[in-house]
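Hi everyone, thanks for coming. Please have a look at the chain on the screen, and then I'll walk you through a few of its features.

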Amino acid sequence: MASPRNFDDLVAIMDRLRDPGGCPWDREQTFATLRGFLIEECYEAVEALDRDDLPGLCEELGDLLLQVVFLSRLAREAGAFSAADVVEGISAKMVRRHPHVFGDEQAADSAAVLKRWEEIKKEEKGGGESAASLLDGIPQALPALVKAQRLGAKAARVGFDWERTDGVLEKLREESDELAAAVGAGDPASVREELGDLLFTAAMVARKQGLDADEALSRANAKFRARFAYVEGAARRAGVALADAGPALMDRWWEESKARRPE
């Protein structure tokens with residue numbers, strides 16, 4: 001019986017695929033071609049999480065790990081770093097940024113942990129007024145709603161935040177009024193700006209409530225799909241083309257769908 005494979009075995013498998021005489025497809029890949037696969041594997045892992053599919057998550061995390069090993073192999077070929085360097089780097093960072101676990105410091109709660117994390121990160125970057133912004137570590141490629149919540153969370157770590165959710169809700173109502181005014185004025189540029197402000201503030205409401213704004217929107221999307229599917233089914237059962245049903249009939253079916261699926 002073969003012994004279980006480990007991380008080093010995966011690195012060796014990738015080496016064999018990339019070495020002369022290995023797999024033609026794997027040998028053709030570049031940083032640019034792997035970018036899309038990396039993003040895709042991240043989303044597939046998230047989908048497994050959303051489904052609460054732990055066996056599926058195990059598989060998707062393996063696919064994601066493969067991308068890490070693949071990119072590390074390309075970096076090693078370029079003389080930059082290896083998979084071992086990646087493991088060493090993240091291991092050292094986790095120990096360094098948890099002095100309350102691996103050192104003599106104390107942390108009363110999660111807020112204290114996050115505050116100290118940012119302090120250590122700033123020290124690593126050189127500190128001082130010329131140091132990089134607190135927000136620089138947030139990837140530009142993140143989906144906009146996710147990025148909005150991360151921006152707010154980062155700023156909140158240094159006290160730049162509303163004290164209570166009530167303050168964010170007041171801001172949300174203000175942004176809604178400003179959006180309505182921009183729509184009424186017929187100014188597309190202002191509508192775009194005010195809509196962005198409204199969506200950003202909505203993400204802050206989620207953050208203050210300890211919720212994931214992107215997950216909330218994903219649930220709303222799923223709810224809309226389910227209810228619209230009911231409307232489509234109702235149209236088929238009535239023998240009516242959906243485009244010919246008219247707003248009143250579609251609204252009635254929509255309300256029926258809400259009664260059947262109130263969530």
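Which helix supplies the largest share of the lining of the largest pocket? It is α11, with seven residues. Before going on, a word on what we are looking at: this is a predicted model, where local features need pLDDT of at least 70, side-chain atom pairs count only at pLDDT 80 or more, and totals for chains, interfaces and linings use all residues. Residues are numbered from 1 along each chain as its sequence is written, and side-chain values use heavy atoms, with hydrogens and water left out.

Back to the pocket. On a 1 Å grid over the protein atoms alone, a pocket is an open set of points where a 1.4 Å probe fits, with protein on both sides within 12 Å along at least five of seven lines; lining residues have an atom within 4 Å of a point. The largest one holds about 740 Å³ of space, a volume being the space filled by probe spheres set on the points. Its lining has 23 residues, and Tyr-43, Val-46, Pro-143, Val-146 and Asp-214 lie nearest the centre. Helices α3 (31–50), α8 (144–156) and α11 (213–238) each give at least two lining residues; helices here are DSSP runs of H or I, at least four residues, numbered from the N terminus.

Now for salt bridges. Side chains of opposite charge can pair when their charged atoms come close. We count one when a side-chain nitrogen of Lys or Arg is within 4 Å of a carboxyl oxygen of Asp or Glu, and the whole structure has 21.

Take Glu-77 and Arg-18, whose closest N and O atoms are 2.6 Å apart. Glu-77 sits in α4 and Arg-18 in α1 (residues 7–18), so this pair ties together parts 59 residues apart in sequence. Is Arg-18 buried or exposed? Arg-18 is buried, because its relative accessible area is 9%, and buried means under 20%, exposed over 50%, partly exposed in between (1.4 Å probe, protein chains only). Glu-77 is partly exposed, at 39%.

Glu-118 has two partners to show you. One is Lys-154, with closest N and O atoms 3.3 Å apart, and both of these residues are buried. Another is Arg-157, where the closest N and O atoms are 2.3 Å apart. Arg-157 is partly exposed, with a relative accessible area of 27%.

Last stop: Asp-52, in the loop between α3 and α4. Its phi is near 55 degrees, a positive value in a residue other than glycine. Asp-52 is exposed, at 63%.
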